Amino acid sequence: MREVAVIGVGCTKFGEKWESSFRNLFVEAGALALEDANLSGEQIDEIFVGNMSAGRFVEQEHIGALIADYAGLATDNIPATRVEAACASGGLSFRQAYTAVASGMSDIVVAAGVEKMTDVGTEVTTDVLAAAADREWEGIAGITFPGLYAMIATEYMHRYGLKREQLAQVAVKNHDNGAKNPNAQFRKPITLDTVLNSTLVADPLRLFDCSPVTDGAAAVILAPLERAREFTDTPIKVLGAGQASSTIALHDRKDICTLDATVAAGNRAFQMAGVERKDIGFVEVHDCFTIAEICAIEDLGFCKKGEAGKLTEEGQTAIGGKIPINPSGGLKACGHPVGATGVKQVYETVKQLRGDAKGRQIDTEIGMTHNVGGTGATVVCHIFGRV
Amino acid sequence: MVPEPPLSVISLGGYKMSVARFWRKQQNRYNLIGTRCTTCGKYFYPPRGFCPDCRREGNIVDHQFKGTGKVVTYSIIRSSSGNFKLLTPYVLAIIELDEGTRLTSHLVCDIDQVYIGMPVRRVFRKLGEDGSSGAIFYGTKFVPA
């Protein structure tokens with residue numbers, strides 16, 4: 001297997017982008033990534049794109065070809081493949097691109113992710129996202145995604161005594177970080193009271209415990225490490241990759257409070273990278289809900305089960321803390337265009353490791369990403385390092 | 001706007017399915033019939049046609065569940081879609097049946113009544129309807145025991 005580096009990154013601003021269509025979004029992100037890598041389109045060998053549900057959000061399937069076409073690459077007949085794993089589609093798109101380069105099959109590969117969520121009403125969005133769970137046996141019972149994560153939170157608070165304020169601090173910290181990220185959907189700091197006084201969505205989760213509905217796209221370009229310096233002075237190496245599956249339904253998990261696919265994907269990425277938890281400077285985790293960040297910190301092995309609330313309360317997950325989590329603002333403040341999120345995490349990680357994350361910079365050599373599909377049925381982790 | 005589903009389509013929550021798709025699982029949904037692996041003795045509801053532990057050595061047969069169990073965890077859903085929108089706020093729960101398997105269900109009770117470990121039993125309930133003139137469909141829900 002060849003060593004692989006990220007040589008260029010691009011990301012649209014995240015938000016309710018009424019002026020942008022599905023295809024505008026990925027063209028914008030792709031152009032930014034190409035410009036960053038100083039590449040022209042004909043140098044690209046292959047494209048992967050993560051997308052959860054264009055079929056229901058914009059009634060468009062066959063996304064790979066559409067992207068190749070509107071990115072001006074269909075004339076060169078470049079292969080383009082859509083990858084889907086619900087909210088982990090972006091992370092999986094990156095993994096596929098990484099595999100393509102590492103195997104020697106392709107040299108210059110784009111990993112993109114895109115989701116256009118605001119062209120349908122909120123009720124339809126709720127239903128589309130519910131498709132990431134088990135339709136036949138969870139959907140029929142009246143689940144919503146906040147409801148599923150709320151059931152994790154209920155059990156977690158009961159078992160470990162997590163305080164409501166500790167959960168709210170996750171959102172406060174992520175809004176603080178988002179305020180410093182020019183691409184973030186929400187750039188306003190909030191207080192504990194903002195979270196604690198917001199509308200209940202699914203007890204115990206309130207509106208400010210939930211990531212928003214977002215439009216956006218991100219794209220990164222991968223190349224064999226040995227060729228990376230042709231394109232950039234600051235290649236970022238992929239040190240480790242891990243993917244794992246678990247049961248599609250939350251009720252079938254061995255432990256409701258543990259995403260066992262996070263444990264497995266994290267361990268695989270660490271093993272491959274040959275680094276320790278203490279070597280990691282920051283992690284972009286999948287905080288679709290505040291409780292998800294608490295579980296992620298523990299399941300990735302950064303503290304014992306039941307301790308992430310205290311870690312968060314003490315400020316150890318903030319920038320400058322012992323293990324900064326979600327310097328981008330995470331899904332909570334940066335926004336969560338489901339198919340794009342996993343690639344945005346890579347974008348943020350590369351920016352950080354290059355030293356380009358103005359205002360939210362963490363001084364470190366190694367960063368990590370963690371992208372979850374559904375309630376943890378798919379998890380994709382990557383570890384990156386400076387060269 | 002998503003167009004109104006035709007009459008041949010059942011809508012459950014925001015969940016739209018054809019009559020055949022519902023009919024296929026009717027016995028399971030009406031009567032809480034799941035499956036059991038005779039090799040390892042493990043019970044499955046929702047039903048599985050393949051034992052994840054024994055795999056090819058497994059032998060799956062139908063099993064009628066007693067219909068009693070307890071609440072593992074729950075949430076009160078304040079915002080939902082489709083047929084469930086009218087029920088808000090409602091209790092959603094993961095229930096462990098006495099036989100050991102777990103399922104997700106709407107728990108028909110007062111929202112202040114539910115707690116972890118609460119004993120529950122199954123009831124036959126209307127799940128929803130396909131508009132005012134379409135099919136009405138039924139299945140299993142749970143109530144405090």
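What distance separates the centres of domain 1 of chain A and domain 2 of chain A, taken over C-alpha atoms? The two centres are 23 Å apart.

A word on conventions: residues are numbered from 1 along each chain as its sequence is written, and chains are lettered from A and ligands numbered from 1 in the order in which they are written. This is a predicted model, in which local features need pLDDT of at least 70, side-chain atom pairs count only at pLDDT 80 or more, and totals for chains, interfaces and linings use all residues.

1. Domains. Domain 1 of chain A covers 4-121 + 214-236, while domain 2 covers 143-210 + 239-386; the bounds come from an automatic or database domain assignment.

2. Where the domains meet. On the domain 1 side 36 residues are in contact with 34 residues of domain 2 of chain A (contact: C-beta atoms, placed from the backbone, within 7 Å). Elements giving two or more residues to the domain 1 side are β1 (4-11), α4 (89-103), β4 (109-115) and β7 (216-224) of chain A, and α4(A) gives the most, with eight residues. Helices (H or I, at least four residues) and strands (E, at least two) are DSSP runs, numbered from the N terminus. By class, this side of domain 1 has 21 nonpolar, eleven polar and four charged residues (nonpolar: Ala, Val, Leu, Ile, Met, Phe, Trp, Tyr, Cys and Pro; charged: Asp, Glu, Lys and Arg; polar: the others, Gly among them).

3. Strand β8. Eight of the ten residues of β8 (residues 236-245) of chain A are buried, so this strand is largely enclosed by the rest of the structure (buried: 20 or more other C-beta atoms within 10 Å of a residue's own, C-beta atoms being placed from the backbone). β8(A) runs antiparallel to β1(A), joined by two bridges, and A:A5 has A:K237 as its bridge partner. With β11 (residues 378-386) of chain A, β8(A) pairs in the antiparallel sense over nine bridges; there A:A241 stands opposite A:H382. Pairing requires that DSSP finds at least two bridges between the strands.

4. The chain A and chain B contact. Here 31 residues of chain A are in contact with 29 residues of chain B. On the chain A side, α5 (122-130), α6 (145-160) and β5 (200-202) each supply at least two residues, with the largest share, six residues, coming from α6(A). The chain A side divides into 14 nonpolar, nine polar and eight charged residues.

Definitions and conventions: Two residues are in contact if their C-beta atoms, placed from the backbone, lie within 7 Å. A residue is buried if 20 or more other C-beta atoms lie within 10 Å of its own, exposed if 12 or fewer, and partly exposed in between; C-beta atoms are placed from the backbone.
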